[in-house]
Amino acid sequence: MSEHHKPQDVSDDADPVLVQGLVARYGSQTVLDGVDFAAPRGLITVILGGSGCGKSTLLRHALGLMEPEAGTVRLLGCDLFSLNDDELRSVRSRIGVLFQSGALFSSLTVGENVALVIREQSQLPEPVVRQMVRMKLALVGLENAVTKYPEELSGGMRKRAALARAMAMDPEVLMCDEPSAGLDPIVAAGLDELLLDLKAQFGMTIVVVTHELESVRKIADRVVMLEAGRVLASGTIDEVRDSREQVVRDFFSRTPRAAAGRGASLWTASRGGAQ
Amino acid sequence: MPVVRFEGALNRHTVPQAYKTVGTLLSGKGPAVFDLSGVQDFDSAAAAFLGHCFMRLGSGPQGLHLANLPSAVAHSLEGAAWDYRVDTPLVVEPQSPFVESVGSEAAAFGQQVYYFVFLLSELFFAAVIAPFRGRLPRLGPFLEQLSRIGAGSAPIVLLVALLVGLTTALQAAYQLRQFGANIYIADLVGISMMRELGPLMAAILVAGRSGAAITAEIGTMKVNEELDALRLLGLSPIEYLGVPRVLAASVTQPLLGVAGAITGIAGGFIIALTVLDLNYSAYYNESLTAVFVADVAYCLYKSAVFGWIIVVVGLYYGFRVEGGAEGVGRATTNSVVMSIFLIIIADCAFSFI
């Protein structure tokens, strides 16, 4: 690899994901309003918040899929929006992403989905690729589903297959968008175990976007609480829970008034109308 | 017993080289030792590589033995829950014996025919018979389809018809000029546009534009379970989605066919006046005597049939989509190819009648 392509790491102890002063707008609507957030190396950082608080937008910016109005995103020490295409590709190859819907390619088998990533990012010989695919799928407990197509799998298996694909090339950072969305509690808990395993075994830096308090309690080393495009609280889970912000406390105690926001007022309004 | 010593990094960048080297060193089976004491960097590509070597050379005393495993490497391999003693393919092509495949093909064909007949009968019932029983088609979707299938296609249909008219007149002129029979270009362009090229060009363009859109739209709805949602609301998808499109195409396709034919004749007229210096009123009169009302009627009902082919084929492939994004793409391609094919077959049949 030439010096040109090599991403310029500032230092190894810099946080792998570092977002500063991020502002994002859709048209006139401000989705993120000056968000600062860092994911320390080797830990699981959870971005927590209700629906529509900007969590997924934050993740898309952190991956460089969207360009912000203002602010910087540093991924593995590189300023994401000043890189050229080659440098961006090289940074992205060190990151794994688990999309909310899994985003497996439906025309390929589970094995080929994983193999695609490996073939694209290395020159490994085919027999080694096949071994590697089966190794990754065994890690998520899907060794017997190598030749199955995504549509033949259940929702939980699809998520696990997508996770195997995300980890195919030993990424340094793994980002997960709502990993437990649409899964039953037992499968969701299994997925949480898997993330903890990855952290313990490979020292992976993991960023998880979620609104599931159960899994936050279990996996989070650090929590960043988002509400209406701002960071309300961040720190360990205990620090966040004891935050002075009423909204944060409501979220943790599941008081519907603040957490459900407009939904609650609509409910009362419609009941008022019926009387 | 050969001993292979590894030094430095063993990772995704160096494994391809290591694979080649080991492949030439250890062509046969038999015991071998990998000395890994010098390995510093180790990733899952390396683990997969060692797994592959185990698969080839076997484990145990007569197979591969790993010596001086660094603890990090040992840790990676211990976690290996996969069975590296076998090599399995990533795709398995379904194989079925000859008789069975003939049978399943035939069954699939039978199902297609059955569904096609079912679709036709449902459409016929909902569009033709139900209105007499007081169940009128929905006006809103019908008007929307009128504008999408008809008005939306008009610009491209008219432009292409104009160009075809110009071209036909010019090509004919090269031949007819030799006999001093240039005035008959009016007959030739008039009849060919009205009876053949106008309806055919309009139909092929609409098949590519609206036929594909119908399949893609309905196919996507099926993939998203929207058709099931309709059914649970008590709405028949064929009635709700199909009938407005069939009715709209029955109106717009004849209009597009005739409009295309007239535009093509106008194209011929332009060539006659500008390039060929024919007399304005002579050409006009010749055109009027050449094209009968019967030709216009022929153009109208032929176009209507083409319109039905486009919509029915589009609906058929849309409702039968299976298998996500790829299925929608495949169905859309098939829909366009099939409707153009059927349009040309129908065109041949019309010419014989």
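Analyst: Gladly, and let us start with a helix pair in chain B. On the α6(B) side, the residues in contact (heavy atoms within 4.5 Å) are B:Ile156, B:Val157, B:Val160, B:Ala161, B:Val164, B:Gly165, B:Thr168, B:Ala169, B:Ala172, B:Ala173 and B:Leu176. They meet residues of α7(B) including B:Ile185, B:Leu188, B:Met193, B:Leu205 and B:Arg209. Counting Ala, Val, Leu, Ile, Met, Phe, Trp, Tyr, Cys and Pro as nonpolar, Asp, Glu, Lys and Arg as charged, and the others, Gly among them, as polar, the residues of this contact divide into 18 nonpolar, 3 polar and 1 charged.

User: What should I keep in mind about the model and its numbering?

Analyst: This is a predicted model, in which local features need pLDDT of at least 70 and side-chain atom pairs count only at pLDDT 80 or more, while totals for chains, interfaces and linings use all residues. Residues are numbered from 1 along each chain as its sequence is written, chains are lettered from A and ligands numbered from 1 in the order in which they are written, and side-chain values use heavy atoms, with hydrogens and water left out.

User: At what angle do α6(B) and α7(B) pack, and how far apart are their axes?

Analyst: Helices (H or I, at least four residues) and strands (E, at least two) are DSSP runs, numbered from the N terminus. Axes are lines fitted to C-alpha atoms, for helices over the stretch in contact, and angles run from 0 to 180 degrees between N-to-C directions. For α6 (residues 154-176) and α7 (residues 185-223) of chain B, the angle is about 145 degrees and the axes are 9 Å apart.

User: Which strands are at the edges of the 6-strand sheet in chain A?

Analyst: Two strands pair if DSSP finds at least two bridges between them. The open sheet has the order β6-β7-β8-β3-β9-β10 in chain A, with mixed pairing. Each edge strand pairs on one side only, and these are β6 (95-98) and β10 (230-235) of chain A.

User: Which residue is the bridge partner of A:Leu226 in β10(A)?

Analyst: Strand β9 (residues 222-227) of chain A runs antiparallel to β10(A), and 5 bridges join them. In β10(A), the partner of A:Leu226 is A:Val231.

User: What is the order of the 3-strand sheet in chain B, and how many bridges join β1(B) to β2(B)?

Analyst: This open sheet has parallel pairing and the order β1-β2-β3 in chain B. Helix α1 (residues 15-25) of chain B lies across β1 and β2, running at about 175 degrees to β1(B). Between β1(B) and β2 (residues 32-42) of chain B, the number of bridges is 7.

User: How many salt bridges are there between chain A and chain B?

Analyst: The contact takes 32 residues from chain A and 29 residues from chain B. Together the chains bury about 2,400 Å² (accessible area, 1.4 Å probe, lost on being put together and summed over both), 61% of it on carbon and sulfur atoms. A salt bridge needs a side-chain nitrogen of Lys or Arg within 4 Å of a carboxyl oxygen of Asp or Glu, and between chain A and chain B the count is 0.

User: How far apart in sequence are the parts that A:Arg25 and A:Glu69 tie together?

Analyst: Their side chains meet in a salt bridge (3.1 Å, N to O). A:Arg25 lies in β1 (residues 17-26) and A:Glu69 in the loop between α1 (55-62) and β4 (70-75) of chain A, so the pair ties together parts separated in sequence by 44 residues.

Conventions. Buried area is the accessible area (1.4 Å probe) that two parts lose on being put together, summed over both.
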